[in-house]
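Here is a short report on charged side chains and how they pair. Look at the structure first, then read on.

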Amino acid sequence: MLTVMKPGIEEYAQSKTEKHADVLEQLQRETYEQMDMPQMLTGPIEGQILKMMVKVTGAKTVVEVGTFTGYASLSMAEGLPEAGRLITLDLDPVCLAVARKYFAKSEHGKKIEVMEGPALKSIEKIDGPIDMAFIDADKTNYKNYYEAILAKMNSGGVILVDNVLWSGGVLDPKTDDAKAICDFNDHIANDSRVDKVLLTVRDGLFFIRKR
Ligand SMILES: C[S@@+](CC[C@H](N)C(=O)[O-])C[C@H]1O[C@@H](n2cnc3c(N)ncnc32)[C@H](O)[C@@H]1O
C-alpha cells in the first residue's frame, strides 16, 4: 500500500498551496503563543480547502460549528462574496475574544456573525437555507449537528466535518470521542440522502453533499 504522508510531505504541500493572509499568520502565531490547545486550529492547508469550497460552491450562507480563535472562520469569509455571511458558533468566551479581535482586523470580518453559546441551540435559531457548513466542535455531538444542519439545507448543500480519522483512532476506538466519530462516520456511510467522500487530509475531512 502506498503511504503518502512521508515526513516533509505536509510542508511540501503547504509550500505549493496559496499563502494565507498576514492577519491569519498573526492569528496563528497568537494562538500558538497564548492558547492551551493550539493544535485545534485548522491551519493553512485546511483553511485554503475551506476557502476554495466556499468559492466553488458559490455558498452565500455558511455555518461553522466550533470557532476556536477564528482561523477557519476568516478563511471561509475570504471566499464569500461581499453580501455573503458566515455564522460561527462557540461557547468559550476566551477563544471568542481572540477570534473577535482578528475578525475586526480583517476586511472580511464584517461578513462574520458570532453566536456565543451551545452550538445546538444556536443552530436552532439560524434561518436557512444554509449553503455550506463546517463541523469542528465536540465530537459526541457531531451527529446532532449534522442532522440539525442538513434539515436547513437545500439539495446541493455541502457539509465538511473535521477530525473524522481521529489520528487513526477510528481503527481501534477506545475513547468516547473515538467511538462517537466512528458512529458518526457509519451514519454518513449509510445515509442515502447524501453523496460523501472521506478525504484523508490532515486528521480526516468528510466531504458531504445533500442530494
Ligand atoms: C477544534 S476547535 C475549532 C477549531 C476552529 N474551527 C479553527 O479553525 O481553528 C473546537 C471548538 O469547539 C468549541 N465547542 C466545544 N463544544 C461546544 C459546544 N457544545 N457548543 C459550541 N462550541 C463548542 C470549543 O470551545 C472549541 O473552540
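A residue counts as buried when its relative accessible area is under 20%, as exposed when it is over 50%, and as partly exposed in between. E46 has a relative accessible area of 2%, so E46 is buried. The model is predicted.

**Salt bridges**

Side chains of opposite charge can pair when their charged atoms come close. The structure holds 14 salt bridges.

| Pair | Closest N to O distance |
|---|---|
| R202 and E46 | 3.0 Å |
| K51 and E18 | 3.4 Å |

**R202 and E46**

E46 forms a salt bridge with R202. This pair links distant parts of the chain, 156 residues apart. R202 sits in the loop between β6 (194–199) and β7 (205–210), while E46 belongs to helix α3. R202 has a relative accessibility of 38%, so R202 counts as partly exposed.

**K51 and E18**

Which parts does the next pair tie together? K51 forms a salt bridge with E18. K51 lies in helix α3 (residues 44–57), and E18 lies in the loop between α1 (9–15) and α2 (22–34), so the bridge ties together parts that are 33 residues apart in sequence. Are the two partners buried or exposed? K51 is buried, because its relative accessibility is 10%. E18 has a relative accessible area of 53%, so E18 is exposed.

**R29 and E25**

R29 is partly exposed, with a relative accessible area of 44%. E25 counts as partly exposed too, at 33% relative accessibility.

Now turn to E78. E78 is placed in helix α4 (residues 71–79). Its relative accessibility is 15%, so E78 counts as buried. Which residues does E78 contact, leaving aside neighbours within four places in sequence? They are A21, L24, K51, H108 and K111.

Salt bridges that share partners join E18, K51 and E78 into one network.

Key:
Residues numbered from 1 in each chain as written. Predicted model: local features only at pLDDT ≥ 70, side-chain atom pairs only at ≥ 80, totals over all residues. Heavy atoms only, no water. Helix = DSSP H or I, 4+ residues; strand = E, 2+ residues; numbered from the N terminus. Buried < 20%, exposed > 50% of the residue type's maximum accessible area, 1.4 Å probe, protein only. Contact = heavy atoms within 4.5 Å. Salt bridge = Lys/Arg side-chain N within 4 Å of Asp/Glu carboxyl O.
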